[in-house]
Structures are given as structure tokens and as C-alpha cells.
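Reader: I'd like to learn how to read a model like this one, feature by feature. Can you walk me through it?

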Amino acid sequence: LLNGKEITDALLTPGTGEYGKHLSVQTCDVSQFVRVGSNEIQVTLGDGWYRSTSGVDGDRNLFGNDISLLLQMESHGTILVKSDVSWQGSTNGPIRMNDLQQGEVYDAQKETIEDWHEVKVLSFGYDNLTGTDTLPIKGHEVFDGKILHTSNGETVIDFQQNLAGQIKLHVNAHAGDKI
């Protein structure tokens, strides 16, 4: 997010690859989101293709354990902002777990993050950074689900086809309710 606005509609970035050989770098034109004076950048890092359960046997962390960010904002070749030791991080936001196969656990009670800490700066080098050479993953279809109640008392949303995607649902719930 830049000043509270999503800067891209691409999903699951940076995508999959042979991470030991190539780490894909994305570039975005953020000029429409920058304002005069103070600006805020907020980045959510997740397990994605790199650390999630993507192995045939349910293995995790096939490529490594680290979650890292390398960010730089430029204007006309001049670096304006870059990720460094002055940034802050938190592991106490609303996304409690995310996995490409196992899904996401989201705690709406943690949407306001107050638990910030210093970040660690590590050097992984730049030799394997490459520009993105694939089309971005984007949402392009919406399917309405039918709510079904199974004989053992479970509630299921049936999309009447096999698909991969995200679920958007609206519920009336109370703090602490589990859905």
C-alpha cells in the first residue's frame, strides 16, 4: 500500500521460479499515489510460492525460510526511498497464516497494527535479481457460490466447479467468532 492505496492488482507476486537462480523483481509506476509531504508505504509479505505447502508430499519451505523485502523508489534515476534499517516490521497483523494450498487465517481484530519492531538488514546480494518475464496473475472471473449444509452439520460454499481463486464473503460476526 502507498498512502493506503493498492498500487497494483497483480496477485501472488513475484510468482514462482527457480529461486536459487532467479529472484523476480517487479516495477510499478507509483506517481499517481505519491503526495506532497509525508507518504507511507506498507508492504505485506507472505509465504507465497517460496515457503508455502507446494510440494507433492505437503512439504513446506522448499526454497528457504527467509521472508525479505528489497524496495526502492526512484524518480528520474534518483533514489528517493529504499528499504533499510530505518524501516519497521511487525508479525502481529491480521494475516496469521497464509499458504497456497492450506489457505489463509485472517484475524480482523488485528487490522490495526500497534506492535512494531526494528528490522534486520541482511545481504543476499543482487546477482540473481531479474526482471519479471511473465504476465501478472490477476483476478478475472467471479462465481457466486451456493450455501449447502451437510448431513454432519458443516456449512459448505459450493461453486459448482473446480477452481483456484480467492473467496470474498460478507458476514455478520462478532469479535472472537471463528468462520
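Author: Let's start with N3, which counts as buried because its relative accessible area is 14%. Buried means under 20% relative accessible area, exposed over 50%, and partly exposed in between, with a 1.4 Å probe and protein chains only. Before we go on, this is a predicted model: local features need pLDDT of at least 70, side-chain atom pairs count only at pLDDT 80 or more, and totals for chains, interfaces and linings use all residues. Residues are numbered from 1 along each chain as its sequence is written, and side-chain values use heavy atoms, with hydrogens and water left out.

Reader: What is the phi of N3, and where is N3 found?

Author: N3 has a positive phi of about 55°, although it is not a glycine. N3 sits in the segment before strand 1. Helices (H or I, at least four residues) and strands (E, at least two) are DSSP runs, numbered from the N terminus.

Reader: Is H76 buried or exposed?

Author: H76 counts as exposed, because its relative accessibility is 83%. N3, by contrast, is buried at 14%.

Reader: While we're on the backbone, which peptide bond is cis?

Author: The one from T13 to P14, with omega near 10°. P14 belongs to the segment before strand 1.

Reader: On to charges. How many salt bridges does a search of the whole structure find?

Author: First the criterion: a salt bridge is a side-chain nitrogen of Lys or Arg within 4 Å of a carboxyl oxygen of Asp or Glu. The search of the whole structure turns up 4. One of them joins the side chains of D47 and R51, at 2.8 Å from N to O. Both of these residues are buried.

Reader: Where does D47 lie, and why does D47 count as buried?

Author: D47 lies in the loop between strand 1 and helix 1. D47 counts as buried because its relative accessibility is 9%. The D47 side chain also makes a polar contact with the side chain of R51, at 2.8 Å. A polar contact is a pair of N or O atoms within 3.5 Å; within protein, one must be able to donate a hydrogen and the other to accept it, and residues adjacent in sequence count only if both atoms are side-chain atoms.

Reader: Leaving aside neighbours within four places in sequence, which residues is D47 in contact with?

Author: Contact means heavy atoms within 4.5 Å. With those neighbours set aside, D47 touches S52, R60, I67 and N98 in this sense.

Reader: What about a salt bridge between D47 and R60?

Author: Their side chains meet in one, at 2.6 Å from N to O. That pair links distant parts of the chain: D47 is in the loop between strand 1 (23-25) and helix 1 (48-51), while R60 is in the loop between helix 1 and strand 2 (72-75), 13 residues apart. R60 counts as partly exposed because its relative accessibility is 36%.

Reader: Which residue forms a salt bridge with R60 at 2.5 Å?

Author: That's D99, with 2.5 Å between the closest N and O atoms. R60 lies in the loop between helix 1 and strand 2 and D99 in strand 5 (residues 95-99), so the pair ties together parts that are 39 residues apart in sequence. D99 counts as buried, because its relative accessibility is 8%. Through shared partners, salt bridges join D47, R51, R60 and D99 into one network.

Reader: And how do I read aromatic pairs?

Author: A pair of aromatic rings is described by the distance of the centres and the angle of the planes. Rings of Phe, Tyr and Trp (its six-membered ring) pair if their centres lie within 6.5 Å; planes under 30 degrees apart count as stacked, over 60 as edge-to-face and the rest as tilted. The structure holds 3 such pairs. In one of them, the rings of Y19 and Y50 have centres 5.2 Å apart and planes at 75°, so the pair is edge-to-face. Y19 lies in the segment before strand 1 and Y50 in helix 1, so this pair ties together parts that are 31 residues apart in sequence.

Reader: Are Y19 and Y50 buried or partly exposed?

Author: Y19 counts as buried, because its relative accessibility is 8%. Y50 is partly exposed, with a relative accessible area of 22%. Y19 also forms an edge-to-face pair with F63, at 4.7 Å centre to centre and 80° between the planes. F63 lies in the loop between helix 1 and strand 2 and Y19 in the segment before strand 1, so the pair ties together parts that are 44 residues apart in sequence.
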